[in-house]
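Work through the following exercises with the sequence and the coordinates side by side. Each task is followed by a solution in steps.

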Amino acid sequence: MAAGRDATPPGTISRRADRLQNILGRTQAGAKNKLKMVIEETRSLDITKAGKYTVGTWMDMWFENYAKVKARPSSHQTCLGYIDNHIKPSIGKIPLEKLTSLELQKLYKKLLNSGRIDRVESKRQPKGLSSKTERNIHQIIASAMKLAKEQKIIATDPTVGCALPKLEHREMKTLPVEQLTSFLREAKDSGIFEMYYVELATGLRRGELLGLKWEDIDFEYGNLGVKRQIARINGEVVEAPLKTKNAYRTLPLAEDTIDVLKQQKKKIGSSPWVFPSPTGGPISPDSVLHMLHRVLKRAGLPMVRFHDLRHTFATLALQNGVDIKTVSGMLGHFWAGFTLDTYAHVTTSAQKESAKTMEKVLTAAL
């Protein structure tokens, strides 16, 4: 056998034969065209790499040399968890070039029905993964397959055309104005009033709130700089960069919020963190959520996520006349259209009220 491109490993020849046997078309001409395309695709493969990887070994290669470079450090553990807990156990042993869309669809169906890992904290949760988690897993596989195709290790991308579950619409919850008094009173009795007051006054993400340092607060000019977040990475609570460049922002503070922050500064002493843990370091994001649920339970209020306090801020701001672009900037959203979509129910309600107001004006004029 001649050296060079014709020196194809026997295993690769076998795989090519498998593909050629499965060429179908409605007409003879159609089948011939497909056959020609497959031959061209396989010719473009790098024969020194084709057949070298399983799905599992390629996912490891992709993660170490690609995902770790592109993704934020706070995303590494999540990504690795998807690979080790869901992808490799199910399809990890399949040769990379033999992975098909059908194999992926079987995986996705399995994850929807029984994909959740058995853990103590997930005992009361559904056995299947959410559609959002499944889409995240698909996105990871798609990124790895795209790289494999670019590296000429596979001829076709099996993730193209996969059917994915529709995203579940999770109903947004907020604390109505009439419940805020009970919530803040209970937060004060629990000794964590300042944290939740600042959250409701600024709409910060949980990690951003916990990442505040006193150097970020300008008491003279009355503003607050959002410069970092606190995240749990590899089991440790650490400082991390913000999600996007829009998340780095400066927010104005009302006089009442400034007074609350001054009280907090006197209360905690010398820690550099605005809301420190008992040991003086940053608070774990999980602990803050547990604290919130305790306050809500004692106040007799429905359970909400910490993120719903951010929704409460945005909803109240929009209901009280703050324009969508300003609210979007304060939330650190990428563009105002996303904010508009997220809070469409609030803006629609405001538009209806505006229409009623105009009706009264015009009726009076008549």
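**Exercise 1.** State the average pLDDT of the protein, and find stretches where the pLDDT is below 50.

*Solution.* The model is predicted, local features need a pLDDT of at least 70, side-chain atom pairs count only at pLDDT 80 or more, and totals for chains, interfaces and linings use all residues. Residues are numbered from 1 along each chain as its sequence is written, and side-chain values use heavy atoms, with hydrogens and water left out. The pLDDT (the predictor's confidence in each residue, from 0 to 100) averages 83 over the protein, and 78% of the residues score at least 70. Over residues 1-10 it is below 50, and this stretch has 13 contacts (heavy atoms within 4.5 Å) beyond near neighbours in sequence. Residues 119-124 also stay under 50, with 3 contacts beyond four places in sequence. Where pLDDT is low, the predicted coordinates should not be read in detail.

**Exercise 2.** Compare the span of helix α12 with the expected one, and decide whether α12 is enclosed or open.

*Solution.* Helices here are DSSP runs of H or I with at least four residues, and strands are runs of E with at least two, numbered from the N terminus. Helix α12 covers residues 307-319, and its 13 residues reach 19 Å from the first C-alpha to the last, close to the expected 18 Å (1.5 Å times one less than the number of residues). Because 10 of these 13 residues are buried, α12 is largely enclosed by the rest of the structure; buried means under 20% relative accessible area, with a 1.4 Å probe and protein chains only. Among the buried residues are Asp308, Leu309, Arg310 and Phe313. Just after α12, Gly321 takes a positive phi of about 95 degrees.

**Exercise 3.** Which residues does Leu309 touch, not counting those up to four places away in sequence?

*Solution.* Leu309 touches Leu175, Phe183, Tyr196, Glu199, Leu200 and Leu292 under that condition.

**Exercise 4.** Is Thr339 buried or exposed?

*Solution.* Thr339 is found in helix α14 (residues 336-342). At 0% relative accessibility, Thr339 counts as buried, and its contacts outside four places in sequence include Ile324, Val327 and His333.

Methods: Buried means under 20% relative accessible area, exposed over 50%, partly exposed in between (1.4 Å probe, protein chains only).
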